[in-house]
Amino acid sequence: MNPEKARGHQSDFASTSVDVDATLRVIANLPAPEGLEERVHAALRKTPRMARVLEWPVHFRSESPWIRTAAAATIAFIVVGGGWGVYSRVQPAKVVAMPPHIMQQGGFSNAGAARTPQTVNGPVLNHPVAQTPAAAHVVQMPAKREQRGATKKPDSVQAK
Amino acid sequence: MSASQAVFAGWMEFPKSAVDDEPRQHAEEQALAALVDEYASTLYRVAFSVLRNAADAEDAVQEAFVRVLRHRDRLDEVRDRRVWLIRIVWNIVLDRKRRAKTRPETDDVSELTRVLPAGGLSSDERAMAAQMHTHVLRCVDQLPPKEREVLMLSAFEELTSVEIASVLGITESSVRSRLFRARNLMAGLLNHSRSLR
């Protein structure tokens, strides 16, 4: 950097620093308004002293510890009794036990469905089906054993 | 005393400070009153340097002491009460400044004209001075927050760099480096605004 320029930059920096310092000093040294302390005191007097979460009423403080003990027992009784009351009324939901799924061999499964619809029954024949003429012509061949039995004589004849 | 009674009594036993603490409360209130008398004006100036409004600064001071009142049990644990109080009010005013909308420059000038000490200046001269200060403060507002905070606190002669570091929760070397950066940036901003005029 050119030395003259650098000197100019430094002088600018110095002059602006003086400006900034002067302004900030003026602001930092402004006098507080009159009566500030009194107003703060008044505000503090109005503020409730809520520093503690739990505090005994004043007339209980100097009494014997029996009162505190009784109060503590009462609070504990109410809390425990209330909790038990809620617990005894609210029961866990009943769980429906599902029958074990048995897979039948060769059949269709119901895929674990809770309920399966009843299917329509098939047609029922009231009268026996009459033999068709074609069926009448069919010669029913007797069984071979019966044929053999027919050639044989009955046992009673043989005994004679 | 039966066992159960002993248990309940022990359970419900309050510390001495909570039950029979009338003298202690009185002492705490006196200590708080002494803090108000000693540091209210310092806190006001710190608050005004950020908020630049007399009423807002006074509100911030009151809020700071109300917070102290709520935590008065811990007053004995505080080592440097001045720095501790400045830290409380500093956090309050930064929070308020963040929430508040930016005021127009004319408001700042009129407020500064009102609060600036006369010092043998005519009303015109005071108005000019207020305008110049407002312009500088507007440039300060353009700085990054970290640099701006250090620069503003450095103007308080009663605060050392160690105390500024304690208020801001940073190291002393950070205070110095931020202050250096802030001054450089301010020089650039003011020169730029001068060249525009």
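Before checking a helix length, I noted the rule: the expected span is 1.5 Å times one less than the number of residues. I also noted that this is a predicted model.

**Entry: length of H5(B).** I applied that rule to H5(B), whose 19 residues should span 27 Å at 1.5 Å a residue. The end C-alpha atoms of H5(B) are 27 Å apart, which agrees.

**Entry: chain B overall.** What does the secondary structure of chain B come to? I found 10 helices and zero strands. From the N terminus on, the order reads α-α-α-α-α-α-α-α-α-α. Chain B has 197 residues, and buried ones make up 30% of them. I also looked at contacts between residues at least 6 apart in sequence: 60% of these join residues at least 24 apart.

**Entry: what is buried in H5(B).** H5 covers residues 81-99 of chain B. I listed its buried residues as B:Leu85, B:Ile86, B:Val89, B:Trp90, B:Ile92 and B:Val93. As a reminder to myself, an α-helix has 3.6 residues a turn, so residues three or four places apart point the same way. What covers the buried residues of H5(B)? The cover includes H3 (22-51), H4 and H9 (161-168) of chain B.

**Entry: H3(B) against H5(B).** I first recalled that two packed helices are described by the angle between their axes and the distance between the axes. H3(B) and H5(B) pack at about 35°, with axes 9 Å apart, and H3(B) passes H5(B) in a right-handed crossing. On the H3(B) side the contact includes B:Leu35, B:Tyr39 and B:Leu43, and on the H5(B) side B:Leu85, B:Val89 and B:Trp90 are among the partners. By class, I read 13 nonpolar, no polar and four charged residues for this contact.

**Entry: H4(B) against H5(B).** H4 (residues 54-70) of chain B packs on H5(B) at about 130°, with the axes 9 Å apart. The two helices are therefore oblique to each other. H4(B) passes H5(B) in a right-handed crossing. From H4(B), residues including B:Ala60, B:Ala64 and B:Val68 meet H5(B) residues, among them B:Ile88, B:Ile92 and B:Arg96. This contact has nine nonpolar, no polar and four charged residues.

**Entry: H8(B).** Is H8(B) largely enclosed or open? Seven of the 10 residues of this helix (145-154) are buried, so H8(B) is largely enclosed by the rest of the structure. I wrote down the buried ones: B:Glu147, B:Glu149, B:Val150, B:Leu151, B:Met152, B:Leu153 and B:Ser154.

How values were computed:
Residues are numbered from 1 along each chain as its sequence is written. Chains are lettered from A and ligands numbered from 1 in the order in which they are written. This is a predicted model: local features need pLDDT of at least 70, side-chain atom pairs count only at pLDDT 80 or more; totals for chains, interfaces and linings use all residues. Axes are lines fitted to C-alpha atoms, for helices over the stretch in contact, and angles run from 0 to 180 degrees between N-to-C directions. Helices (H or I, at least four residues) and strands (E, at least two) are DSSP runs, numbered from the N terminus. Angles under 35 degrees count as roughly parallel, over 145 as roughly antiparallel, 65 to 115 as roughly perpendicular and the rest as oblique. A crossing is left-handed if the near helix is turned anticlockwise from the far one by less than a right angle, and right-handed if clockwise. Two residues are in contact if their C-beta atoms, placed from the backbone, lie within 7 Å. Ala, Val, Leu, Ile, Met, Phe, Trp, Tyr, Cys and Pro count as nonpolar, Asp, Glu, Lys and Arg as charged, and the others, Gly among them, as polar. A residue is buried if 20 or more other C-beta atoms lie within 10 Å of its own, exposed if 12 or fewer, and partly exposed in between; C-beta atoms are placed from the backbone.
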